Each structure stands twice: as structure tokens, then as C-alpha cells.
Amino acid sequence: MASRRISSGTCMARYGRGPRDTVSVVLCARRSVSHSHLAKVAAAQERWAMRAQRIKQGEMKSGWDVLEERGFIKDVAGHRKVIGELIRLKRIGAYVGVDPTSDSMHVGHLVPIMALFWLWYQGHPAILLLGGSTARIGDPSGRRDSRPIMSNADISRNITKLHFQMSKLWFNVDAMRHRFGVEDDWGAKHHLLNNSMWQQGLTMYEFNKRISRHVRLGPMLSREWVKERLTNGSGMSFGEFMYPLLQGWDFWHVYNKLSVQMQIGGSDQFGNIVTGIEALKIIRESEEFPGDKMDGGWLNEPCGFTTPLLTDSSGNKVSKTEDNASSVSLDEFQTTPFNLYGYFVRQPDDQVERLLKLLTFTPLDKIQELMQEHERDPTRRVAQHALAFEVVCLAHGIDRANKEAQQHKLMYASGKGDGGAEQSGEGGAEQAGDGKWTPGSTAAVTPNNAPQSDMELPDSVMNLSPGRILQAVGLAGSSSEGHRMTVAQGAYVAASPGQERGLVPGNLSWTPMKMWFPGETRKFLIDDKLLILRKGKHNVRIVRLVSDEEWKKSGRTYPGEAFTGVVRRMKDDIVNEAKERGEKLDARQLTIELRNKVNSMRRENKSLKAVSLKRPWQPRGQMSADQSTSKYDDWVRQNMSGSVDRAADGGGRPMNRDREWAPRGRSGPVDKADNDGGRPMSKDRQWDPRGRSGPVDRAADGGGRPLSRDREWAPRGRSEPVDKADDGGRPMSGHEWAPRGRSGPVDWTANDGGWPISRDRERAPRGRSGPVDREANDGGRPMHRDRERAPRGKSGSFDRRSR
């Protein structure tokens, strides 16, 4: 039987084979590929060929044409016409790289990223590349001095935050695609990668062999900013010289693995793009194995272009590392959506049309209509509001964009501003946390409602169990929930996958949290001060540890912190207020003040959160403190007849520190020695009899079953005292049980009709009234010391030596 080997991604239909052919075809030389995947590849290629024909006939525009007419293309590494024809004929991929030198992207990053998104909308594969490895060197382009060296903790924090920011952008762009009528295309893949995945495994030998020995320093030294660095005395490090080559290695990796032929960057990245293209060609030609060498030709040539920089009103570049007020962050906890909306509403009239083309997916004809409407009445700022809405929709989702647009329009209508004036920081801060996920919420966590990731905790938290740590960081509503989550491995810590060791700097990988001992979480700390946790796909916490002394001085608390209960905090407030007045309260006065404080809060319908009462006790079956206080007060008025005190209660079942339960339906006080109808538990563990109003005594009772220290049980239905030697109930003293229905004394060696158990563990026969003898029995089953049992149905004597 003949055998034929075809390359990966080749459809069998290309060879004219049918399902009944006798020829055995090996689908792939390196790995097996399913027929369904090959069919999808063939269908995608057919769709692209039909699309290329329509573009040639002028029925539609290519991705390159769209980028040119919207003003994205500034400098091109290659020939414009060749790149346009390449994009028309071939579904090439493109990528944009961002180094995590800061903890957030800014609006300037949106320009090259929007060019990438437009190519993705046109059917091209798109990649956002996070420079976790190259961030250790830093891009020297356009800088007068070297970048400061970043610690492992700072790099890990920045990588985590930028990773989830990029995920958020992909999430919102995918949602906006349906809004603008963009069809799904299986061939238009998108990825979010980190170059640490391949650069950490790159050896110096491989790097020198494939690229370093083929590169000359002349072209690099001819750059203007390099000359300036060498002449002004600051100089350049060897790592900064290598940075363009490492970026070129990234280009080679995505070119080789994902068929990416285009790199996009800001206008300050043109030199790096050119160097990267040359490095890619060198690496491709230096392949030693002929079978692995990739084809050349203009259809396989790498290319790239730069986008115009986004500048402020003074013409300065908007940079994430420069300390200027013009940097508008995409992190909603640094620049709130309210202020981000206002930033674009304040854009001048001569810039709004350009920004609409660069930062939105609005069609060009719609942009022209907006500009015409804006020219008729510039005071309404229609174009600016449309720009602000689309940018906020891209950065934070359409729900948040609708909310901010409504707030700005209401402010403009009420005459409080021009519709674009930036409001006070306090108002913007209130907008930052609206609609965010909280522990116990039933809503799913999405990139747009994920809570703030940055937080601080004391160093002593690392001594807690994993479940309590999850509660402290806010990923679990209680320690029990945290323990269940840990047992189910539903929470993750940033660490090497499958290993119980810390995170490799530059990477972002996860391993499930397990029920390890308290204190073992410290081995996952980065630089002994940073811990990164995650629950689900989007709910992440970046915890920075501070000293316990600093935490105590700050006056903050975290969920589950010891000695921060509600009653304790209220008492401390009352004691501190009394000290300020020069008074000293005793226990009774403190109880009265506490009761009055709670009652005054209820009368004023005051929120419990206002006085830091986050987890007060509640009557059974009632709502928690974070729910409506008015509903709680309604329940109190309907079911409670008095206040809740440690010694008295009027109708509920609260639990106090001494673990007393107020009787149901009672309004009288609860006393440790006297009660009339409930079952309070006091320190000596006495239970008041049900339905009784007399006192509970340790040696006598009139009708219940109290439990005293010497473990006596009062007989049911009896009013006489219980004695250790005689009664008609079932008291237990010294392991004696009184016979049921009997009022005679219980003897160690004889019994007439019950089931007493004596010290030698003898049981009286059922239905017998005679004494129980150790050596004989006539019809029961007593157990003696030698563990002999009398035969059933026998009435004769039972001897130890004969049966």
C-alpha cells in the first residue's frame, strides 16, 4: 500500500482524494491533525481568495486601505504598494508589543492597538505581546539616560496588571464587533502572549550563532539618539544595544510559529521595527537544517509600520513612564471612567475628527455626519461626546459608557458645567467602584466589573491558613468559604505551574492553592513583599505586605482580622468617648451605653456601615448588615418588644458572649438560675425545663431535664427531687440507671423489672423480678465479668463451668 506524507495544514481535497481511496495519507509530518481542522483551514483559505477577488474588483477595501484612509500609517518599513498587495492576497498576522515598565497603559497605547484591532476586524490574526523579558532592559529609543532597574516584585506586579488590562480590551473589542456588524471569521485568531515564554529558554550560544555574529554596529551607531547618548556622557549599556535584537527575536518567534509578518508600533519605534525585520531575515537564513528552512519571496517578507503619536495640548508625547499630568491611564482606579470621558469631551474642535478616526470604530460616513452636526452647534460638543463614549466603551465596556454619558449630559443640562469640565476628584472616586463584584455576589466576574486588584495587608497575614488568607484579600466571604475553595482548588497563586515554589520573574503562571499549613504561603512571596492571587479568570489580587506596626498605625482592618468584631469595636468607641469626657464606665454602664447606641441607630434609620458595623449579629433568619436597614427595622418592630441585652431579651434569639439564648416568645429577663419558659444555656451548662417556671437545682427539679455538673437528669413528668439511690425516673449518677416505671431502690446485685447497669455491668433479665446472680440465670441474657451470656429460652441455672 502506498503511503504519502503531506505537511501540516494541507487539505486532502487538494490532492483529489476521496473517502474510499485505498491510498493511506499521513496527515502531518510533525503532529496529527484532525480532518475537521483541515476542512476549516481549507474553508478559510477559500473565503480569503474570494475576498481578494472582490477587493481587486473594487467591491470592498482591504485592511491596508482602511488603515490608510483613517490615518494610522505614518512610516512604513517596506514598500506601501507591495504591503497592500501582500495583505490583499495573504491572511498575514500582525502584532503590537508593550513592555511592562509601568503598572498601566495610557490612551497613547490605544493608537497602535486600534490599528491592530482594525486588521483583526478585517480578518487578520492579531497578537498583543507583553514584554515580560525585555522589560528588564527597557527600550532605550529616544531616551537621554538609561531606565531605572526594576525589582522582581515591580515587574511581576506590572505584568499582572497589564495582562488583565489587555484581556479587558480584547473582551470589549469582541463585544463591540457585533455592534458594528463585523462577521465572525474562524481564521482571524487573536492571542495575548508574553515573550518570557521563549526568551527565558534562549541560550547565549543560540543567540550568538543565529544573530549576533551577523549584525554590524554601524547602522545602530548611526541613529541620532544613540549619538546623543554617547556624546552627552550618559553612555549606553550592552543590554541597551541588544534590545533591538531581542525585539527582532520576538518577531522571528511569532513569524515562525504563528505566521505573523507585520509589526506595528508608535512612531518612536521605527528604528526597532527596521532592526527587527533585518534580524528576522538573518535568523531565517541562518537555519542550518535545510528541512526547517523557511521560504523567502515577497509573499513571505516581514514588514511593519508606525502610527502617529498621541500628544497633549503642548505637543508632548503621552508616555506611561514620564511624570506629566497629560498621561491618562486606562486603569479605572487611576483615571476614573468619569474623568476619562471628560478628558475626551474637552478635546479641541480641530482634533476631534482625527481622534474619531484613530480611536473609534465609527464608519467614516458617520464621522462626517457627526462633524456636520457639530459645526451647526459647536456648544453642544456632539462629536466630542461621541468620541468619549466610544473610548470609554472600549476601555471599560458599554454599560459604563452609557452611565458616564448620562451623568455628563445631566450635568450639562443642569448648568453645572460645559459638559466636559473635569469634576472634583472626590466625585470621580465615587464612580470608580460602582457595580464592582463583592464577596457573596451571585453575579459573574467579568473584566468590566472586576474589583480593584491592588491592596495592602500586614505581614502577619502570611501566618494564617490559606482559607483565611482568601477571606482577608476579599476573594472569599468567610474563612469557611475560603477553606472550601482551597479544598476544591478553586483559587490560584502566582507560582511555577505544578510546583510549590515561587513565580519566575517575568512570567505570569499559576498553581492551585492547597490546604498547606499556616505560614507555608510565604514561599510564594516575590521579594518577600508581594503575593498575587486569583479566583476565576478575571478576579485577581496583588497584595503588597507592610509591617504590622505600619498597619496598626493606619487604623485599617481586613475581613476576618482578629479582635476587630462588631461588639468589640463599638465598645472601644464608647470607652474612648468616655475617656475624652473624663469618665470611667463600669460593666453595667458600658452595657447600657451599648444598648442605647444600637437603639439610636435604629431610630435614625442609620446605615450600619457608617459606623463600621460590617458584621453585627442578627436575629435568626434575618438579613445581613449590608442589606436594607429599613427592612431590618421593620422586622424589629414586628417581632421584637424590647432591646437585646446580655441579661434580658424581648422575643428574638440573639447569641451573646456568654452564649445565652433568650426564650422564644418571651419578653422577661433571662437569668442563669431562673427562667419561665425557654432554654437558656449558662456557664454551668444548665438547661431550664420546658414549660416550667420554678428554679433549676442541681439535685432536684420539678419536671424537666436539666443537665448539671454531676450529670444528673431529672425524671420526665416528675416533681419530686432526684436522689442518687431512689427515684421513679431515669437519673444517672455514678453510672446508675433507675428502672422505667419503678419507684423502688436500685441495688447493685438485684433488680425486679428494669434494666439497671451496675458497676460490674450486669443487666437484669427482661420480664424478671428476681435477683440477678453472677453464676446462674434462668431466662435472660445478663453479662458477667467473664462475659458469659445465658442461653435464650432457658430457665435453669447457668453455671460458669457447664452449660
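Is Ser 62 buried or exposed? Ser 62 is buried, at 3% relative accessible area; buried means under 20%, exposed over 50%, and partly exposed in between, using a 1.4 Å probe and protein chains only. This is a predicted model: local features need pLDDT of at least 70, side-chain atom pairs count only at pLDDT 80 or more, and totals for chains, interfaces and linings use all residues. Residues are numbered from 1 along each chain as its sequence is written, and side-chain values use heavy atoms, with hydrogens and water left out.

**Overall build**

- The protein chain has 23 helices and 13 strands. Both are DSSP runs numbered from the N terminus: helices are H or I with at least four residues, strands are E with at least two.
- Of the 803 residues in the protein chain, 44% are buried.
- The chain exposes about 42,400 Å², and carbon and sulfur atoms supply 49% of that. Areas come from the Shrake-Rupley method with a 1.4 Å probe; for residues, only the protein chains shown count as cover.
- Take the contacts (heavy atoms within 4.5 Å) between residues at least 6 apart in sequence: 57% join residues at least 24 apart.

**Ser 62 and helix H3**

- Ser 62 sits in the loop between helix H1 (35–56) and helix H2 (63–69). Leaving aside residues up to four places away in sequence, Ser 62 touches Arg 51, Ile 55 and Gln 122.
- Helix H3 (residues 80–89) buries Ile 83, Gly 84, Leu 86, Ile 87 and Arg 88. Their cover includes H1, H2, strand S3 (76–77), strand S7 (260–266) and S8.
- Within H3, Glu 85 and Arg 88 are three residues apart, about one turn of the helix. They form a salt bridge, with the closest N and O atoms 2.5 Å apart. Glu 85 is partly exposed at 29% relative accessibility, while Arg 88 is buried at 12%.

**Other salt bridges**

- The count is 33 salt bridges, each a side-chain nitrogen of Lys or Arg within 4 Å of a carboxyl oxygen of Asp or Glu.
- Glu 456 bridges to Arg 556, with the closest N and O atoms 3.1 Å apart. Glu 456 lies in strand S9 (residues 454–458) and Arg 556 in the loop between helix H20 (548–554) and helix H21 (566–580), so the pair ties together parts 100 residues apart in sequence.
- Arg 284 pairs with Glu 285 at 3.8 Å between the closest N and O atoms. Arg 284 is buried at 3% relative accessibility; Glu 285 is partly exposed at 47%.
- Salt bridges also link Asp 103, Arg 157, Lys 161, Asp 331 and Asp 454 into a network.

**Aromatic rings**

- The whole structure holds 14 aromatic pairs. Rings of Phe, Tyr and Trp (its six-membered ring) pair if their centres lie within 6.5 Å; planes under 30 degrees apart are stacked, over 60 edge-to-face, and the rest tilted.
- Trp 551 and Tyr 558 make a tilted pair, 6.1 Å centre to centre with 50° between the planes. Both residues are buried.
- Ring pairs join Phe 117, Trp 118, Trp 120, Tyr 121, Trp 170, Phe 180 and Phe 361 into a cluster.
- Arg 534 lies over the face of Tyr 492, 4.6 Å from the ring centre. The charged end of Arg 534 also sits over the ring of Trp 510, 4.7 Å from its centre. The rule asks for NZ of Lys or CZ of Arg within 6 Å of the ring centre and within 35 degrees of the ring normal.
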